[in-house]
Amino acid sequence: MESEDVAWFRDDLTGARLAASRLAERVGLGEHRTGEVTLAMSEAASNLAKHAVRGAILLRVVRAARHAGVEFLALDDGPGIRDVSSSLRDGYSTAGTMGVGLGMIARLSDAFDVHSIPGQGTVMLARFWPRSTQARPADLGTVTTNPVVEGLTRTISGGQECGDGWAARWDAAAPALGSTAEPVASGHDRAATGCTPYAGRAVLVMLCDGVGHGPLARRATQAAIRAFHTSPAHAPEDVMKDIHQALAATRGAAVAVARIEPDQKRVLFCGVGNIAATTVTAAEKNSLPSVPGTAGHQTRTLRTITCELSADSALVLHSDGLSERWGPQDLPGLLDHSPGVIAGHLLRSAGKYHDDASVAVAKGLW
């Protein structure tokens, strides 16, 4: 599934309702489904206005195969929901209202996820696909309705164009690792342990931070995304070489490419510049190092790092628009949720408003 950032709403949450309606109409969801999207967005914005500290909503288009949908992510910095299960029941309210908010949003959406940490904040994701007989959610497939990779970008405060970006694609071919492959995790048996929904497939993920901000940084990132999608290579190091060549006519960028192989329960990683890459479990996070340099201009010898990625872990890539001072102990229960909600919590808790920010999360391939 691919996504396009459309708009962030912070100060004017009421504007999100009209924007959601127009966006749903533009992508062809139909009159009835557009009304449902508008109703859900209105309730989400109302909840933030009544309950939240520093609430924000991201509204965007999501695309898969021949279908397009609408997704919104609502996040805030507190006070948090102490009992999410109760909040999803109609009639439950902490503000004297009818209490039909979260439950109604969950029913109307095709994909819904919410995670709240009392005292810290809440992230809620709702995704809406067309409801025609030609595009029922079940027909869109598991990979679409429950994507294994999701990412978020946010422009620097006051900026119009984001210089950060991310992309992902499936790849069925095995990588040809050379002598530069360098293990960084303790060795465990990485043999396939049985058939999975993604048996024989791998996922390539890229995150890019164009040098500087604004249109020129965005130009570099868009060139990197195009090169990532058109590269015939399978190993991250070889994909990175194609991106490096494509960025020669731009400002350049910090770039990271990771390949997740579910059958082998491992991730292969190659990075240039200050993209943070970590594997995360409920107890710890482990960093995957990049080489210094700027893709498109000057880099040291590229290298591919090989690391175990267990079934209860996630891979997180983020730009320096997020602080690295976060850990799983600060976000209890987060890995039980979708990649989009995980990315939202990291952006909410570690994002910097004085820089473009991006984060991509891969999870749930086993």
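Keep in mind that the model is predicted. The largest nonpolar core has 29 residues, and another core, of 26 residues, lies apart from it. There is also 1 cavity of 30 Å³ or more to look for.

**Nonpolar cores**

- Start with I57, L59, V70, F72, I105 and M124, the residues with the most contacts inside the largest core.
- Two or more residues of this core come from each of α1 (15-26), α2 (31-51), β2 (56-64), β3 (67-75), α4 (101-108) and β5 (121-128).
- Of these elements, α2 provides the largest share, with 6 residues.

**Aromatic rings and charges**

- A pair of aromatic rings is described by how far apart the centres are and by the angle of the planes.
- R154 sits over the face of Y353, 4.0 Å from the ring centre.
- Over the face of W170 lies R201, at 4.0 Å from the ring centre.

- Rolling a probe the size of a water molecule over the atoms shows where empty space is left.
- The largest cavity holds about 60 Å³ of space.
- Its lining is made up of R54, A56, L75, D76, D77, R154, L347, R348 and Y353.
- Here you meet R154 and Y353 again: both line the cavity, and R154 lies over the ring face of Y353.

Terms used. Residues numbered from 1 in each chain as written. Predicted model: local features only at pLDDT ≥ 70, side-chain atom pairs only at ≥ 80, totals over all residues. Heavy atoms only, no water. Core = buried A, V, L, I, M, F, W, Y, C linked by side-chain atoms within 4.5 Å. Buried < 20%, exposed > 50% of the residue type's maximum accessible area, 1.4 Å probe, protein only. Helix = DSSP H or I, 4+ residues; strand = E, 2+ residues; numbered from the N terminus. Lys NZ or Arg CZ within 6 Å of the ring centre and 35° of its normal. 1 Å grid on protein atoms, 1.4 Å probe; cavity = no way out; pocket = protein on both sides within 12 Å on 5 of 7 lines; lining within 4 Å. Points joined across faces, edges and corners; volume = space filled by probe spheres on them.
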